[in-house]
Protein chains: 2
Amino acid sequence: MDEISVRAPASVSNVVCGFDCLGFALERPFDEITLRRISERTVRIINRDQFGLPTDPERNVAGRTLLAMLEAANADFGFEFESTKHIKPGSGIGSSAASACGAAVAANRLLGEKYSQMELVEFALAGEILASGSRHADNVAPCIFGGFTLVRSTDPLDIVQLDFPPLFVTIIHPQIEIKTAEARAILPKEVPLKSAVQNWANLGSLVAALAKGDYGLLARSLEDEIVEPARRPLIPNFDKVKEASIGVGALGGGISGSGPSVFMLSEAAETAQDVEKAMTNVFADTDIEFKTYLSGVQIGGVLCGPQVQ
Amino acid sequence: MDEISVRAPASVSNVVCGFDCLGFALERPFDEITLRRISERTVRIINRDQFGLPTDPERNVAGRTLLAMLEAANADFGFEFESTKHIKPGSGIGSSAASACGAAVAANRLLGEKYSQMELVEFALAGEILASGSRHADNVAPCIFGGFTLVRSTDPLDIVQLDFPPLFVTIIHPQIEIKTAEARAILPKEVPLKSAVQNWANLGSLVAALAKGDYGLLARSLEDEIVEPARRPLIPNFDKVKEASIGVGALGGGISGSGPSVFMLSEAAETAQDVEKAMTNVFADTDIEFKTYLSGVQIGGVLCGPQVQ
């Protein structure tokens, strides 16, 4: 096999009380990636979109991932990576993770499935670190495995695939820029033990609620009094969006990644549509451009082969 | 019905990364309690053990619970509470919770099952607060419901019953006194966000591991770098006990409640026995008296009726 096409899903990380560990994959948007084996021992990047991402493989998330894999595999060939991104860089829904994971899964196919999924997470992290500046697997993990994942540890990697019930996701992406570094710097270095306890009780309950399919408990567990209060001011209309969404039946939600996207979870597809309308109404009164997405929780992670032909 | 006998189980709270929220009930030890309806509108306490607990109902954990229930039920009668405690007060395995919950469940039977289990938790908390000085449901919840429970919130009460696989518990109770107030005072008021994140990732993974019956993940999740380092110095030989236990195959464990008891979890009954020997060996070299317990995770909470006749 000399060529493979894959779809790499967007993902939500920092799921409310699951800051820095809990994430899930989205059915849409996704990036379309084609990887070709080439005889030159190099990585060639072709961007088929308007985002102007670097074509120098050392400065490109997918490029870094591919270089790491070629080196590890001691390959005597190279790759041409052609990408049509639909996940806007900087949107907070795992754009760089999709590039890195799409590249990793596609390359693994062309390398004869040499590596395990956990190894692919490692390779994708080699790319992702270029975008985020640190070794965070909370978008990479759901992008590789699909569904809900919990990163128990990054070093060594320990990723838990969670059971979960049907859930529908509404996302609004206000078209403003938030720098990940700034969103990190705004966080408290220390937190009151009492707030930390409240947060881990909520995350434990959230994991139990997902496993049981208990939507009421899920809604009650979607609380965060540590990260959300610090980052909320960075997101225009955050409180209004959240209030309006829950007002029409959303279970809850919060900032996706480090923003600016905001996600809400619903039990029913129709509720997720109502949430989209409610979010739209909030932003319709402003001059901030925005985009919304409706999605299920994606299963399977990066999909390759016949599904995407 | 004018008389009922119940067994109230011991329980482990502060389960490693589940400080202040996660607990489980033990098959042994347990308290034996008989409650009788009496015509006087009062609560009479009879202690059939050597612990010398107060017989003034206002100063007795079970007495407070019973007074609260009689008042809420607007009863024109009273209770005689006769208790043979096998759970030593101050051992860190939920002695006061057993008294309060045993009283609550027995009284509810004599009141015609007037109250729900969640209401019984509330009544038991009215007693438990006398012993602990604060409203903590992490022993009361497993004692009422059995199994593993997660207290998501104390106000309002929100208790999650967790699924869990077969587990065997070994407990060593060094016969020293630790005051709950002192064990609280030793805790940091603030914790680094990084440690808090590590802890909630571990608790989320622990809940997932219990639900999946994944013993390997369970073992990896039993980590606590916040409370254990602060309280470890209060427990003689803590590090040695932990190391020896894991050395013979325990999955992990830690301080039970605020100590001095230490608990370890094992996948197999024989391992739990080996852990008991290993713990005993550690303390055999000292002049500290100790007692050990072997137990399964108890199901059902306070048991009443034919089981205990």
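Me: How many helices and strands are there in chain A?
Reply: This is a predicted model, in which local features need pLDDT of at least 70 and side-chain atom pairs count only at pLDDT 80 or more, while totals for chains, interfaces and linings use all residues. Residues are numbered from 1 along each chain as its sequence is written, and chains are lettered from A and ligands numbered from 1 in the order in which they are written. Helices (H or I, at least four residues) and strands (E, at least two) are DSSP runs, numbered from the N terminus. Counted in this way, chain A has 10 helices and 12 strands.

Me: What radius of gyration does chain A have, and what would a compact globule have?
Reply: The radius of gyration is taken over C-alpha atoms, and the globule rule is 2.2 Å times the number of residues to the power 0.38. The C-alpha atoms of chain A fill a box of roughly 55 × 40 × 35 Å along the principal axes. For 309 residues a compact globule would be near 19 Å, and chain A agrees with this, having 19 Å.

Me: Which element gives the most to the side of chain B that touches chain A?
Reply: Two residues are in contact if their C-beta atoms, placed from the backbone, lie within 7 Å, and 33 residues of chain B are in contact with 33 residues of chain A. The elements of chain B that give two or more residues to this side are β2 (18-38), β5 (148-154), β6 (157-162), β8 (190-192), α6 (193-212) and α7 (215-221). With 13 residues, the element that gives the most is α6(B).

Me: In β8(B), which residue is the bridge partner of A:P192?
Reply: Two strands pair if DSSP finds at least two bridges between them. Strand β8 (residues 190-192) of chain A is joined to β8(B) by three bridges, and the two run antiparallel. In β8(B), the partner of A:P192 is B:E190.

Me: Are α1(B) and α2(B) roughly parallel or roughly antiparallel?
Reply: Axes are lines fitted to C-alpha atoms, for helices over the stretch in contact, and angles run from 0 to 180 degrees between N-to-C directions. Angles under 35 degrees count as roughly parallel, over 145 as roughly antiparallel, 65 to 115 as roughly perpendicular and the rest as oblique. The axes of helix α1 (residues 61-72) and helix α2 (residues 95-110) of chain B come within 8 Å and cross at roughly 30°. Therefore α1(B) and α2(B) are roughly parallel.

Me: How are α2(B) and α3(B) directed relative to each other?
Reply: The axes of α2(B) and helix α3 (residues 117-132) of chain B come within 8 Å, crossing at roughly 150°. Residues that meet here include B:A100 and B:A104 in α2(B), and B:F123 and B:G127 in α3(B). The two helices, α2(B) and α3(B), are therefore roughly antiparallel.

Me: Which strands are the edge strands of the open sheet of four strands in chain B?
Reply: This open sheet has the order β9-β10-β7-β11 in chain B, with antiparallel pairing. Within the sheet, five bridges join β7 (residues 168-174) to β10 (residues 262-266) of chain B, and B:I171 has B:F263 as its bridge partner in β10(B). Each edge strand pairs on one side only, and the edge strands of chain B are β9 (252-255) and β11 (290-296).

Me: Which helix lies across β7, β10 and β11 of chain B?
Reply: Neighbouring strands of the sheet β9-β10-β7-β11 of chain B are turned by 15° against each other on average, direction ignored. The helix that lies across β7, β10 and β11 of chain B runs at about 15° to β7(B), spans residues 269-284 and is α10(B).
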